[in-house]
Amino acid sequence: MAQSLPVVNLASSTFECIYGRGCDGICCQNGRPGVYPDERERINQNLAKFLPELRPEARELIEKQGYLSNRRKGGLPMLRVVQGWCVFFNRGCVLHKVGAAEGDKYRYKPAPCALFPLARKENGDWYVRQIGVEDEDWDVFCLNPATSNLPAAESLREEIALAARYTAEQEAEAAAK
């Protein structure tokens, strides 16, 4: 299968998301991704769609303090967490569910969430997060290569295509400057 995005460890990586089949969404537990300005604007413009779908405590927190915390990751504001879960988690990602209902499950999700477990090194290379790769310190079962035999090249086709799109958009933006 030809890849439109080079992923340095793709040939040796395995990954299978089993959300709803034994996983309750561990990647959203204490999940605090950084949010880019365009993502923040998209969430702001559509917040009314998300609020009714949220857990009561998450909705209350967002209505009082907003969905972004004062903490930063990579220079970006991070999503808030309430009772150990991302504020947009309610039996799955509300941003994902609303986007999927509108025809694009990634439409409202912050890039780190949409691309998980793909990540980018400082030099720009893409890689699949795996325990033992790039000093990965998040000890969750889905990042353990021993938990799945499914090649990441198969399971992450959509995420790789999305990362390729993001990369092309960033390169076009940089060239236009």
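Predicted model: local features only at pLDDT ≥ 70, side-chain atom pairs only at ≥ 80, totals over all residues.
In helix H2 (residues 56-65), the buried residues are Ala58, Leu61 and Ile62; buried here means under 20% relative accessible area, exposed over 50% and partly exposed in between, with a 1.4 Å probe and protein chains only. These three span an arc of only 95° around the axis, so they sit on the same side of H2, the arc being that of the directions from the helix axis to the C-beta atoms. An α-helix has 3.6 residues a turn, so residues three or four places apart point the same way. On the other side of H2, the exposed residues are Pro56, Glu63 and Lys64. The buried residues of H2 pack against H1 and strand E3 (81-82), where contact means heavy atoms within 4.5 Å. Just after H2 comes glycine 66, with a positive phi of about 90°. Helices (H or I, at least four residues) and strands (E, at least two) are DSSP runs, numbered from the N terminus.

Residues are numbered from 1 along each chain as its sequence is written, and side-chain values use heavy atoms, with hydrogens and water left out.

The next element to consider is H1, together with its partner helix. Two packed helices are described by the angle between their axes and the distance between the axes. For helix H1 (residues 37-50) and helix H3 (residues 94-101), the axes come within 11 Å and cross at roughly 90°. H1 is therefore roughly perpendicular to H3. The axes are lines fitted to C-alpha atoms, for helices over the stretch in contact, and angles run from 0 to 180 degrees between N-to-C directions; those under 35 degrees count as roughly parallel, over 145 as roughly antiparallel, 65 to 115 as roughly perpendicular and the rest as oblique. From H1, the residues Ile43, Lys49 and Phe50 meet Val94, Leu95 and Val98 of H3. Sorted by class, this contact of H1 with H3 has five nonpolar residues, no polar ones and one charged. Ala, Val, Leu, Ile, Met, Phe, Trp, Tyr, Cys and Pro count as nonpolar, Asp, Glu, Lys and Arg as charged, and the others, Gly among them, as polar.

Aromatic side chains give another view of the fold. Six aromatic pairs are present in the structure; rings of Phe, Tyr and Trp (its six-membered ring) pair if their centres lie within 6.5 Å, and planes under 30 degrees apart count as stacked, over 60 as edge-to-face and the rest as tilted. The ring centres of phenylalanine 50 and tyrosine 108 are 5.1 Å apart with the planes at 70°, so this pair is edge-to-face. Because phenylalanine 50 belongs to helix H1 and tyrosine 108 to the loop between H3 and helix H4 (111-115), the pair ties together parts that are 58 residues apart in sequence. Both phenylalanine 50 and tyrosine 108 are buried. Phe50, Tyr67, Phe88 and Tyr108 make up one aromatic cluster.

Leucine 54 has 7% relative accessibility and so counts as buried. Neighbours within four places in sequence aside, leucine 54 contacts Arg59, Ile62, Val87, Phe88, Asn90 and Val94.

Proline 77, in strand E2 (residues 76-79), is likewise buried, because its relative accessibility is 7%. Residues up to four places away in sequence not counted, proline 77 touches Pro33, Gly34, Val35, Arg40, Leu68, Ser69, Arg71 and Arg72. The C-alpha atoms of proline 77 and tyrosine 36 lie 7.8 Å apart, although 41 residues separate the two in sequence.

Further along the chain, some backbone details deserve a look. The peptide bond joining phenylalanine 116 and proline 117 is cis, with omega about 10°, and proline 117 lies in the loop between H4 and strand E5 (118-120). In the loop between strand E6 (126-128) and H5 lies glutamate 134, which has a positive phi of about 55° although it is not a glycine. Aspartate 135, found in the loop between E6 and H5, has a positive phi near 55°. Glutamate 134 has 42% relative accessibility and so counts as partly exposed, whereas aspartate 135, at 76%, counts as exposed.
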